[in-house]
Amino acid sequence: MKCLRELRWPIARSTELALALAERAGLHHVASTSIWEPIGCGREEVLAGLMRWVEASGFEAEPVALSLGELDRLLDSGPPLLHIVADGQSVLGISRCQGKRLEILTPGLERVVVSRDEVREALRPAPTEDADVGLETLLEGSGLSERRRRRALTALRDGLASHDVLSGVVLLRQSVTAPRAAIWRTSGLRRSASMLLVSQVLLIGVWVLSWGLLGEQVLEGRIDRGWLFAWGLLLCTLIVLRGCGVFASLALSWRLGTWLRRRLLRGVLKSEPSEIRHRGVGQWMGRLLETENLEASVSEGSLGTFQGLLELAAACLILSLGVTPGLPLAVLGCWALGTWQLWRRYAARRQVWSDERLAMTDDLVEKMIGHRTRAIQERPADWHTREDARFESYHRESRRIDRLSTLIEVFVARGWLAAGLCSLAPAFVFRSGSVVDWAISLGGVLLAYRAWGHLAGGLEALANARDAWRRVEPLWRAAARPVETGEPTMRWGSGETVLSAHEVSFAYDQAPEPVLAGASCRIAAGDRILLESASGSGKSTFAKLLNGSATPRSGLLLLQGGDRSTLGSEPWRRRVALSPQFHENHVLLESFAFNALLGRRWPPTEEDVMLLGELCEALGLGDLIDRMPSGLFQPIGETGWQLSHGEQSRLFILRALLQDADLLIVDEGFAALDPESMERALEVVKQRSKALMIIAHA
């Protein structure tokens with residue numbers, strides 16, 4: 001244990017350790033101009049500041065909470081990772097996993113190899129005296145010898161500790177928006193692609209060699225046993241190479257799909273609310289389906305096309321060595337041009353067909369959940385007229401695309417076989433070339449036939465991916481949007497003024513006139529502000545500007561003396577909590593505690609759960625929690641415990657209060673409450689908030 005304690009870094013050098021681990025793993029990062037130093041000594045403060053610095057440095061850090069029983073799985077999935085020790089004063093860096101051994105990076109930038117058991121023992125929480133006394137009491141009447149009692153006590157301690165949550169673990173990894181070269185190098189894509197390329201080249205070479213060996217024996221009119229045995233070995237080699245190719249293709253598909261999903265998820269999280277709000281549930285469901293389609297089509301299409309192109313290149317080389325190579329190669333070129341035109345036509349028709357399909361899906365889903373209804377004046381006989389017309393159009397496009405798909409799947413490969421054999425007919429008529437030349441040309445035609453079979457399926461899958469990309473591209477581009485990380489070394493002010501706005505204005509992109517113009521205010525610690533005006537006057541827009549959910553077109557916003565570009569957008573939103581209007585708030589399909597602690601942390605600490613229970617009692621939600629079978633951890637939402645309108649409103653207020661922000665803004669959050677509940681909730685909000693702004697209709 002003393003050795004591992006000496007390997008820990010002081011917490012003031014945690015960013016230096018993270019940068020050294022990233023460089024050791026080959027992660028792409030930008031040059032850091034400043035080194036962040038922790039302000040507080042608690043683990044949460046250190047972790048929050050470190051995450052902010054890592055995001056500004058260009059790579060990703062994911063905090064994970066896991067048990068010691070899950071630590072081995074995390075280590076096998078791939079360091080580098082670092083662990084902030086419970087005292088918040090030191091940090092341990094693990095740079096590599098080598099079986100049962102771990103490579104630790106020391107403060108002197110040396111690499112020391114230690115066993116996993118040593119690391120597990122160092123990370124294990126110290127057992128409490130009550131737990132030890134209870135275990136010893138349990139074993140007193142067991143009748144075991146002293147040696148066996150010690151072994152049993154150790155095993156029981158290990159079993160209990162394996163379920164303890166280990167917090168403060170940070171997993172470092174490559175950002176999904178890093179340059180392609182960095183992603184290609186660090187994600188394993190290069191290794192899988194190289195393995196696939198080598199296996200496919202060897203597979204084609206061995207296949208051609210086996211074909212030539214067998215053809216030579218047949219053309220000579222005799223079959224030698226030794227050469228026949230060699231031919232059998234080549235066939236066995238083909239099986240091995242085929243297995244290696246399948247393994248490499250599966251690994252490449254898995255890594256490519258993982259990276260694609262992470263990128264699209266980042267795009268969803270970076271999408272602006274205005275981009276999401278105008279799309280219905282049906283459109284988002286269609287986009288989700290297209291995401292699944294894109295992942296499968298890219299994997300299948302790229303691998304099939306890659307294999308087909310390799311075989312086609314080998315076929316061209318073989319045909320050039322055969323009898324009268326000019327005509328077969330010319331026919332092959334014309335066939336490739338015709339296949340390209342057929343594929344372009346198929347891709348264009350598929351776009352039309354996909355638009356019809358997704359329009360039907362959108363309309364069906366929106367009507368099922370009640371977001372789109374029929375006019376009461378509409379005659380029942382006309383209810384399904386539009387659906388019938390859309391279905392007829394979809395059926396017509398389906399027939400067209402099925403015909404083109406049949407042509408690609410059947411005619412491309414089989415048609416080439418006939419055309420390729422016909423291209424050898426003039427040489428057969430004029431009896432030019434030797435028998436060996438004829439065998440080479442025939443082998444080239446058959447290899448091209450095999451290539452067109454792979455290309456037909458690959459090109460069809462690529463057309464599907466090309467169509468799905470049109471709908472997924474906005475999420476892809478949104479993932480690359482820059483985030484205002486701020487200056488990690490910036491120290492928050494502690495003056496009397498919490499937030500100030502000077503001549504702030506805002507206008508939507510398509511709106512000719514600004515929604516808000518020349519708005520100014522100053523909010524100090526302890527202020528209680530009521531903002532009243534008529535509907536549509538810009539109250540909610542002003543609240544979003546103060547919260548950082550919207551960016552002002554002009555003017556100046558300062559929080560504790562710093563602007564958003566300096567402090568960072570996420571830290572800004574954490575310090576200015578907004579409970580928006582009811583229709584802009586959401587209850588997720590998770591537990592009550594998860595929904596309430598969204599703005600705080602997850603998984604929660606024991607103090608978080610105690611504070612949540614206390615606030616629930618204060619807001620009058622105690623009876624609701626008592627009725628739930630699982631209490632605070634009862635699932636709620638569409639498939640869980642149903643909350644009333646007033647209970648949801650208090651949940652939204654509770655969510656904002658638990659954020660423990662410097663300024664709390666409640667936008668018409670009390671409108672759904674009865675007078676008694678409103679008075680009670682208002683009193684809690686006034687007591688628990690550092691600075692408060694309540695928005696209401698005049």
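Student: Before we start, what should I know about the model and the numbering?
Tutor: This is a predicted model, in which local features need pLDDT of at least 70 and side-chain atom pairs count only at pLDDT 80 or more, while totals for chains, interfaces and linings use all residues. Residues are numbered from 1 along each chain as its sequence is written, and side-chain values use heavy atoms, with hydrogens and water left out.

Student: OK, how much space lies in the second largest pocket?
Tutor: The second largest pocket holds about 1,100 Å³ of space. A pocket here is an open set of points on a 1 Å grid over the protein atoms alone, where a 1.4 Å probe fits, with protein on both sides within 12 Å along at least five of seven lines; grid points are joined across faces, edges and corners, and the volume is the space filled by probe spheres set on the points.

Student: And which residues lie nearest its centre?
Tutor: Ser77, Gly78, Arg173, Thr186 and Ser187 lie nearest the centre of the second largest pocket, out of 33 lining residues, where lining means having an atom within 4 Å of a point.

Student: Which helix gives the largest share of that lining?
Tutor: Helix 10 does, with 5 residues. Elements that each supply at least two residues include strand 2 (60-67), strand 7 (165-173) and helix 10 (225-270); helices (H or I, at least four residues) and strands (E, at least two) are DSSP runs, numbered from the N terminus.

Student: How do the lining residues divide by type?
Tutor: The lining of the second largest pocket divides into 14 nonpolar, 10 polar and 9 charged residues. In this count Ala, Val, Leu, Ile, Met, Phe, Trp, Tyr, Cys and Pro are nonpolar, Asp, Glu, Lys and Arg are charged, and the others, Gly among them, are polar.

Student: You listed Arg173, so what does its side chain meet in a salt bridge?
Tutor: The side chain of Arg173 meets that of Glu60 in a salt bridge, at 3.2 Å from N to O, the criterion being a side-chain nitrogen of Lys or Arg within 4 Å of a carboxyl oxygen of Asp or Glu. This pair links distant parts of the chain, with Glu60 in strand 2 and Arg173 in strand 7, 113 residues apart.

Student: Are those two buried or exposed?
Tutor: Glu60 is buried, with a relative accessible area of 10%, whereas Arg173 is partly exposed at 29%. Buried means under 20% relative accessible area, exposed over 50%, and partly exposed in between, with a 1.4 Å probe and protein chains only.

Student: How many salt bridges does the structure hold, and what's another one?
Tutor: The structure holds 25 salt bridges. One of them joins Arg470 and Asp467 at 2.9 Å, N to O, and both residues lie in helix 16 (residues 435-479), 3 residues apart, about one turn of the helix. Asp467 is buried, with a relative accessible area of 0%, while Arg470 is partly exposed at 34%.

Student: What about Glu614, which residue does that pair with?
Tutor: Glu614 forms a salt bridge with Arg688, the closest N and O atoms being 2.7 Å apart. Glu614 lies in helix 21 (residues 606-618) and Arg688 in helix 24, so the pair ties together parts that are 74 residues apart in sequence. Glu614 is partly exposed, with a relative accessible area of 42%, and Arg688 is partly exposed at 36%.

Student: Switching to the backbone, what is the phi of Glu503?
Tutor: Glu503 is not a glycine, yet its phi is positive, about 50 degrees. Glu503 sits in strand 8 (residues 497-506) and counts as exposed at 52% relative accessibility. As background, most residues other than glycine have a negative phi.

Student: Where is Glu668, and what is its phi?
Tutor: Glu668 is found in the loop between strand 13 (663-667) and helix 24 (675-688), and its phi is near 55 degrees, a positive value in a residue other than glycine.

Student: Last one: how many residues of helix 17 are buried?
Tutor: In helix 17 (residues 539-547), 8 of the 9 residues are buried, among them Phe542, Leu545 and Leu546. Just after helix 17, Gly548 takes a positive phi of about 90 degrees.
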